[in-house]
Amino acid sequence: MAVSCLLVLTLLATSSLASLPDLGYPGWQCDASLYQKSQKVPTSAHSVRFPDIKIIAALGDSLTAANGAGAPKGDPLAVILQYRGLAFQCGGDSSLDEHVTVANVMKKFSPNIMGYSTGIGSANVWEVSKLNQAVPGAQAADIITQARALVQIMQSHKDIDIKNDWKLINVFIGANDMCRYCEEKENGVHSKANWKQSVITAIQILKDNLPRSIVSMTGMFDMRMLRQIDHDKYFCDGLHVFECPCEKKSSFTNDDVSHACHLYMDAQQEIQDSGMFDTTDDFTFVLQPFFNGITIPPLKPDGEVNLDWFAPDCFHFSKLGHANVAKHLWNNIVQPVGSKNTVVNLSDPTIPLNCPDTSCPFIRTTKNSADCSKYMTK
């Protein structure tokens with residue numbers, strides 16, 4: 001009976017997708033030179049052009065699994081569905097003309113890229129998830145298991161050349177840790193030190209087993225925004241008691257929430273700055289920090305929160321939300337380290353989808369951002 005109910009819910013949810021607002025870029029084009037692969041497959045992670053990427057993958061929680069992204073308005077039950085094809089990092093439903101995701105932008109540069117997810121389903125359904133191994137409810141410690149699963153899938157897949165194919169692996173984690181942070185305080189399971197070590201352990205598994213990989217980690221966001229989103233929205237407010245207990249705990253103040261989130265942001269920055277994942281030429285780690293300084297949710301012109309960005313639970317991203325987040329993430333990816341946006345205006349729909357820099361046409365890393373000329377190839 002439960003399976004039948006889920007099937008009915010999935011069919012109804014699929015039929016409603018076309019009516020939801022979305023963001024696409026019909027006819028988006030960059031300079032012709034940016035669509036050319038390197039003449040020889042690069043050996044350095046700092047010389048990888050966008051067309052050189054053959055594999056895309058993702059690790060994370062329900063935000064990366066895209067829970068509720070295609071849920072009809074007013075239908076919180078559909079938030080249990082994982083609309084992986086719409087996921088901002090790794091979703092491959094439709095095309096960039098209709099819906100922005102990092103994977104859909106990458107298809108413009110690397111039409112045969114594999115690994116992006118399509119449709120609705122969980123991480124263990126290959127036909128849907130492909131290499132999006134995100135699991136709803138995951139915390140930082142859980143991406144260690146996800147990293148091992150991703151390695152196993154790649155190693156056993158006949159169409160993936162582990163040693164030679166360049167891979168873009170997207171990671172976004174931290175919301176569920178923060179939703180439990182207040183229960184253990186700073187020295188508990190979700191302390192900065194423990195969170196940081198879990199991320200390092202997961203990335204090290206990727207480094208040890210997946211050569212020719214670039215790990216792109218989306219920066220943590222300031223979850224005090226949630227309190228603005230569900231203010232005076234009693235239905236969402238009630239749901240968040242279960243989805244994110246710390247957000248509803250009055251003794252865990254806005255300043256407490258923000259401080260804790262910034263500890264995780266600091267941990268991410270420390271991982272990148274340490275250079276621990278820049279010790280070999282065929283692997284690197286890059287932080288995409290556009291979320292870090294955002295404290296105001298997307299607003300309508302009248303100043304009201306734009307709930308079109310969110311699923312019916314006012315927590316997860318909607319189809320439109322995923323597309324907008326993907327736009328800002330992509331813009332971070334093409335910006336050099338040290339000059340990446342650390343805050344963006346979520347309320348401004350006119351912000352463009354940017355092209356890579358023709359003078360440094362690579363996925364930007366710490367090293368090619370410092371001096372691109374050292375890594376220039378043909």
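The structure described here is a predicted model. Buried positions in α11 comprise Val257, Ser258, Ala260, Cys261, Leu263, Tyr264, Met265, Ala267, Gln268, Ile271 and Gln272. These buried residues pack against the helices α6 (175-184), α7, α8 (225-229) and α13 (366-370), and against the strands β3 (213-218) and β4 (283-288). After α11 comes Gly275, with a positive phi near 75 degrees.

Helix α7 (residues 192-209), one of the elements packed against the buried residues of α11, also packs with helix α5 (residues 142-156), at an angle of about 15 degrees and with the axes 8 Å apart. Because angles under 35 degrees count as roughly parallel, α5 and α7 are roughly parallel to each other. Their crossing is right-handed. On the α5 side the contact is formed by Ile143, Ile144, Ala147, Arg148, Leu150, Val151 and Gln155, and on the α7 side by Ser198, Val199, Thr201, Ala202, Ile205, Leu206 and Asn209. By class, nine of the residues in this contact are nonpolar, four are polar and one is charged.

Helix α8, against which buried residues of α11 also pack, contains Gln228. This residue is partly exposed, with a relative accessible area of 33%. Beyond its neighbours within four places in sequence, Gln228 is in contact with Thr295, Ile296, Pro297 and Val305. The C-alpha atoms of Gln228 and Ile296 are separated by 7.9 Å, although the two residues are 68 residues apart along the chain.

Notes
Residues are numbered from 1 along each chain as its sequence is written. This is a predicted model: local features need pLDDT of at least 70, side-chain atom pairs count only at pLDDT 80 or more; totals for chains, interfaces and linings use all residues. Side-chain values use heavy atoms; hydrogens and water are left out. Axes are lines fitted to C-alpha atoms, for helices over the stretch in contact, and angles run from 0 to 180 degrees between N-to-C directions. Helices (H or I, at least four residues) and strands (E, at least two) are DSSP runs, numbered from the N terminus. Angles under 35 degrees count as roughly parallel, over 145 as roughly antiparallel, 65 to 115 as roughly perpendicular and the rest as oblique. A crossing is left-handed if the near helix is turned anticlockwise from the far one by less than a right angle, and right-handed if clockwise. Contact means heavy atoms within 4.5 Å. Ala, Val, Leu, Ile, Met, Phe, Trp, Tyr, Cys and Pro count as nonpolar, Asp, Glu, Lys and Arg as charged, and the others, Gly among them, as polar. Buried means under 20% relative accessible area, exposed over 50%, partly exposed in between (1.4 Å probe, protein chains only).
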